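Here is a short report on one protein chain.

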Amino acid sequence: YLYTIEATKGFAPGGEPDDAVLLAGLQFLPGAETARDMPYFDYLNRLAPLVEFLQQIGVWFFPHPWFDMFLPEAHAERFIGETLDSLDPADMGQGPILIYPYRGEPFRAPFLRVPPGERFFLFDLLRTAIPPTPDRSAELIEKNRRLFERARLLGGFQYPVGSVPKTQADWIRHYGPLWPAFFAAKRAFDPDNVMTPGQGIFPVR
């Protein structure tokens with residue numbers, strides 16, 4: 001694996017930081033470091049050129065059975081290490097692996113489930129199914145499900161953009177004590193089940 005640290009420093013116009021000072025003390029391959037100044041929107045939208053390139057070569061339209069989990073800090077290092085040790089690189093399809101640390105306090109959205117505590121980690125396997133066949137996609141989704149079960153036992157929560165098919169019982173377990181309020185909000189604001197009807201979260205009426 002080639003590990004890349006992506007760090008940012010915000011500044012106002014005219015207050016450009018000294019890159020040499022920011023990089024001082026870090027260990028990296030000489031010549032491998034890059035530093036760019038960009039507007040804040042361009043930073044938020046920094047994956048757009050990559051997506052455009054993948055679209056041009058046709059890979060963007062392959063299935064992407066991603067695995068995305070929020071992991072509690074106490075178990076993140078071991079879970080991620082064991083997963084990487086056992087991971088077949090062919091299962092990534094040249095997709096990246098993301099490890100993001102987060103502070104828990106700013107996460108206040110009422111129904112976003114994250115591990116309790118001062119810090120937690122987002123762990124993503126951004127897989128591309130190669131070859132892009134139904135059998136290959138199903139194989140990777142099954143591997144995601146096994147990882148999901150292991151992470152859930154450690155107190156992890158799925159970031160619900162990944163490819164882990166779940167039953168309604170899984171969703172009820174995911175939301176835990178928040179399920180009654182979540183179900184009530186669905187009935188109040190989307191009674192016709194227009195949003196996410198295929199996720200199996202709510203019973204079909």
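Helices (H or I, at least four residues) and strands (E, at least two) are DSSP runs, numbered from the N terminus. By that rule the protein chain has seven helices and four strands. Their order along the sequence is α-α-α-β-α-β-β-α-β-α-α.

This is a predicted model, in which local features need pLDDT of at least 70 and side-chain atom pairs count only at pLDDT 80 or more, while totals for chains, interfaces and linings use all residues. Residues are numbered from 1 along each chain as its sequence is written, and side-chain values use heavy atoms, with hydrogens and water left out.

## Overall build

The C-alpha trace spans about 60 × 40 × 35 Å along its principal axes. Buried means under 20% relative accessible area, exposed over 50%, and partly exposed in between (1.4 Å probe, protein chains only). Buried residues account for 27% of the 205 residues in the protein chain. Contact means heavy atoms within 4.5 Å. Take the contacts between residues at least 6 apart in sequence: 66% of them join residues at least 24 apart.

## Helix H5

Setting aside residues up to four places away in sequence, Ser137 touches Pro63 and Ala129.

Leu147 also has its place in helix H5. Its relative accessible area is 10%, so Leu147 is buried. Beyond neighbours within four places in sequence, Leu147 is in contact with Phe67, Phe79, Thr83, Leu125 and Arg127. Pro197 is 50 residues from Leu147 along the chain, and their C-alpha atoms are separated by 25 Å.

## Aromatic rings

Rings of Phe, Tyr and Trp (its six-membered ring) pair if their centres lie within 6.5 Å; planes under 30 degrees apart count as stacked, over 60 as edge-to-face and the rest as tilted. The structure holds 18 such aromatic pairs. One of them joins Phe67 and Phe123: the ring centres are 6.3 Å apart and the planes stand at 75 degrees, so this pair is edge-to-face. The pair links distant parts of the chain, with Phe67 in strand E1 (residues 67-72) and Phe123 in strand E3 (residues 119-125), 56 residues apart. Both Phe67 and Phe123 are buried.

Ring pairs also build a cluster. Its members are Phe111, Trp171, Tyr175, Trp179, Phe182, Phe183 and Phe202.

Charges meet rings too. A charge sits over a ring if NZ of Lys or CZ of Arg is within 6 Å of the ring centre and within 35 degrees of the ring normal. Two cases follow.

| Charged residue | Ring | Distance to ring centre |
|---|---|---|
| Arg46 | Tyr43 | 4.2 Å |
| Lys166 | Phe148 | 5.9 Å |

## Backbone exceptions

Most residues other than glycine have a negative phi, and most peptide bonds are trans. Where does this chain depart from that?

The peptide bond from Ile130 to Pro131 is cis, with omega near 0 degrees. Pro131 is in the loop between E3 and H5.

Gln94 is not a glycine, yet has a positive phi of about 70 degrees. It lies in the loop between helix H4 (73-86) and strand E2 (97-103). Gln94 counts as exposed because its relative accessibility is 81%.

Thr196, also a residue other than glycine, has a positive phi near 45 degrees. Thr196 sits in the segment after H7. With 43% relative accessibility, Thr196 counts as partly exposed.

## The second largest pocket

On a 1 Å grid over the protein atoms alone, a pocket is an open set of points where a 1.4 Å probe fits, with protein on both sides within 12 Å along at least five of seven lines; lining residues have an atom within 4 Å of a point. Grid points are joined across faces, edges and corners, and a volume is the space filled by probe spheres set on the points.

The second largest pocket holds about 400 Å³ of space. It is lined by 20 residues, and those closest to its centre are Tyr175, Phe182, Thr196, Ile201 and Phe202. Helix H6 (168-175) and helix H7 (179-189) are the elements that give two or more residues to this lining. H7 gives the most, with four residues.
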